Amino acid sequence: MKLSKMTWLLVACPFLALGDGMTPDREVAYKEIDGIELKMHVFEPEGVKAADKRPAIVFFFGGGWSGGDPKQFYQQARAFADEGLVCFSADYRVKSRNKTTPFECVKDAKSAVRWIREHAAELGVDPNRIVASGGSAGGHIAGCTGVIDGCEEAGDNLEVSSKPNLMILYNPVLDTTDKGYGAKNFKPEQQTDLSLTHHVTPGIVPTLLFHGTADTTVPFENAERFDRLMKEAGNECRLVPFEGKGHGFFNGAFFRKKNGDEAFNKTMEQGIGFLVRHGFAPSKN
């Protein structure tokens, strides 16, 4: 039997949305600073209403704190929206466009989580079920929202927490010293200020961590060390290694065509299972 093109695509990539699924449903500004308007690219589940209390996930793109594009996580955002989550792919300040440092990136990530929680009632979101996610440097700033105390934007409403309730991190930067990635972006006295492996304490939210064993940008050892430190502190952390995969393996064909969708599909399956276990997505059993 010959499959139609759409049927073949759905078989090859079960998390592909029907129609023009990679276009955000809308964009909303979550922050204005120094004359810059930062936006969320919003992907909503079908039929969402303001009165709903849906789980939400916010994604932060990678790019070494210097560049990047919210489109990197459009495919994940649409797929998770199809699972019932309100999804956001957030823009944030980066060095190439805004002459900023990683500290401003983290402040923007915290502002984004806080904005979602602060506006949950109008977004159809449960303020107690917010997931922070991202890849590489975006995974780092997502991780910082759950791990690093302080580094909050002046003027933000600090009575509203900027900490997420879960984290899903894709080959994130975890150690900002010369044992990891990005040391050149920090002054010598700042080397560990935003280094996640140096700030693991009890009480960090459950975390799912995807990492390629052949990553030459962020060493796989960093992921193993973070996973071990989290567990030693009594926190829930699950490291899912991708054998032989390098940096950025998780991007699907929409953002990085040469990757195909095999690894993307596997991370989606694992991610949905993680959300189901924590009551952030309905079980299909």
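## A look at Asp175

Asp175 has a relative accessibility of 0%, so Asp175 counts as buried (buried means under 20% relative accessible area, exposed over 50%, partly exposed in between, with a 1.4 Å probe and protein chains only). Before we go further: this is a predicted model, in which local features need pLDDT of at least 70 and side-chain atom pairs count only at pLDDT 80 or more, while totals for chains, interfaces and linings use all residues. Residues are numbered from 1 along each chain as its sequence is written, and side-chain values use heavy atoms, with hydrogens and water left out.

Where does Asp175 sit? Asp175 belongs to the loop between β6 (166–170) and β7 (207–212); helices (H or I, at least four residues) and strands (E, at least two) are DSSP runs numbered from the N terminus. Leaving aside neighbours within four places in sequence, the residues in contact with Asp175 include Tyr181, His198 and Arg225, where contact means heavy atoms within 4.5 Å.

## The sheet and its helices

An open sheet is formed by 8 strands in the order β1-β2-β4-β3-β5-β6-β7-β8, and the pairing is mixed. Two strands pair if DSSP finds at least two bridges between them. At the edges stand β1 (26–33) and β8, each with a single partner strand, so one side of each is left without a neighbour in the sheet. On average, neighbouring strands of this sheet are turned by 20 degrees against each other, direction ignored. For such angles, axes are lines fitted to C-alpha atoms, for helices over the stretch in contact, and angles run from 0 to 180 degrees between N-to-C directions.

From β7 the chain crosses through helix α7 (residues 220–232) to β8, a β-α-β crossover that is right-handed (with the strands pointing away from the viewer, the path from the first strand over the helix to the second runs clockwise). Helix α7 lies across β7 and β8, at about 160 degrees to β8. Helix α6 (residues 137–147) lies across β3 (54–60), β5 (125–135) and β6, and runs at about 140 degrees to β5.

## Salt bridges

How many salt bridges does the structure hold? There are 21, a salt bridge being a side-chain nitrogen of Lys or Arg within 4 Å of a carboxyl oxygen of Asp or Glu. Here are some of them.

| Pair | N to O distance |
|---|---|
| Glu153 and Lys31 | 2.7 Å |
| Arg114 and Asp156 | 3.1 Å |
| Glu37 and Lys39 | 3.9 Å |

The salt bridge between Glu153 and Lys31 links distant parts of the chain: Glu153 is in the loop between α6 and β6, Lys31 is in strand β1, and they are 122 residues apart. Both Glu153 and Lys31 are buried. Together with Asp34, Arg93 and Asp108, they are linked in a network of salt bridges.

In the pair of Arg114 and Asp156, Arg114 lies in helix α4 (residues 102–118) and Asp156 in the loop between α6 and β6, 42 residues apart. Arg114 is buried, with a relative accessible area of 3%, whereas Asp156 is partly exposed at 22%.
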